[in-house]
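Trainee: Could we go through this structure together, one question at a time?
Mentor: Happy to, here it is.

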Amino acid sequence: MPAYQQINEKMIEVKLNNEEMYAKKGSMISYQGEVSFSPTYLAGQGVQSLAMRSATAEGYSLMMAKGRGTVYYAYDGLFVTVIPVRGDTLYVESDNVLAFDARMTAGTMFLGNQGGIQGMARGAVSGQGLFTSTFQGDGDVVILSDGNAIGLPVTPEVPVCVDPQAYIGHTGQLSSSIVTDLNWKTFVGQASGESYQVKFSGHGTVYIQASER
C-alpha cells in the first residue's frame, strides 16, 4: 500500500511500490524513481458517479501517478492533513481534496440524505451546493485547509456546531441540522455574521479549518 509521510504542514510525501495514486491536478511538485503521470477521469469512481459529478459540479481535476518511487505533493501554500479511512466513509468538500490512493472508492452524495431538509439548508447557507464528495474503503485521503485542520470528536452527549464556511468534512455516523442564532443583536446590526451553524450529532469526527474561507 502507498506509504504517506507528512514532510511539514504544507507538503506530503507518498512512496509508491507499483501502485496508483490520485492527486489534484497541479499538486505534484517533485518525484524520484520510475513514476509515470497521466490525467484520469474515473479515479476510483464508477461511470454513474462520474456522471453525477459532472451534473452537480462536485468534481475535481486529477492526475494519476503510477510506478515505483516517491512523489511529493503540495498545493497553493495550503496546509495538508492525512485522514485515515478504515472501513468508514469520509464526507469532504471537493475543493479540499488533495490526494487519495486506489484503495478508496470515490463518490458523490446528496446532502439532503444527511439530515433531510436540514442537510439541504446547510448547502444553501454555506454556498457550497447540495452535494459533497465521499470516500469509502481502507486507505487514506489527504485534505487541504486554510491553516491546520482540526478534528472535533462528536458523541451523542456532546454534539458539535460549526460555521458552514469552516466545515471541511466528517466521518462516522453523524446527522446534521441547521441551528439559527437569531437574537436581539441580529436585529440591531450587532451580530457577528455567524447566525447559522451546522449542528452534528451522533458518533464521529468533524473536520474544520482554522479560518473561514
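Trainee: Is Tyr 167 buried or exposed?
Mentor: Keep in mind that this is a predicted model. Buried means under 20% relative accessible area. Tyr 167 has a relative accessible area of 2%, so Tyr 167 is buried.

Trainee: How are the rings of Tyr 167 and Phe 200 arranged: stacked or tilted?
Mentor: Look at the ring centres, which are 5.6 Å apart, and at the planes, which stand at 10 degrees. Planes under 30 degrees apart count as stacked. So the pair of Tyr 167 and Phe 200 is stacked.

Trainee: Which strands do Tyr 167 and Phe 200 lie in?
Mentor: The two residues are 33 residues apart in sequence, so their pair ties together separate parts of the chain. Tyr 167 belongs to strand E11 (residues 167-180), and Phe 200 to strand E12 (residues 196-208). The strands are E11 and E12.

Trainee: What kind of pair do Tyr 22 and Phe 100 make?
Mentor: Their ring centres are 5.4 Å apart. Planes under 30 degrees apart would be stacked and those over 60 edge-to-face. Theirs are at 45 degrees, so the pair is tilted.

Methods. Residues numbered from 1 in each chain as written. Predicted model: local features only at pLDDT ≥ 70, side-chain atom pairs only at ≥ 80, totals over all residues. Heavy atoms only, no water. Phe/Tyr/Trp six-rings, centres within 6.5 Å; stacked < 30°, edge-to-face > 60°. Helix = DSSP H or I, 4+ residues; strand = E, 2+ residues; numbered from the N terminus. Buried < 20%, exposed > 50% of the residue type's maximum accessible area, 1.4 Å probe, protein only.
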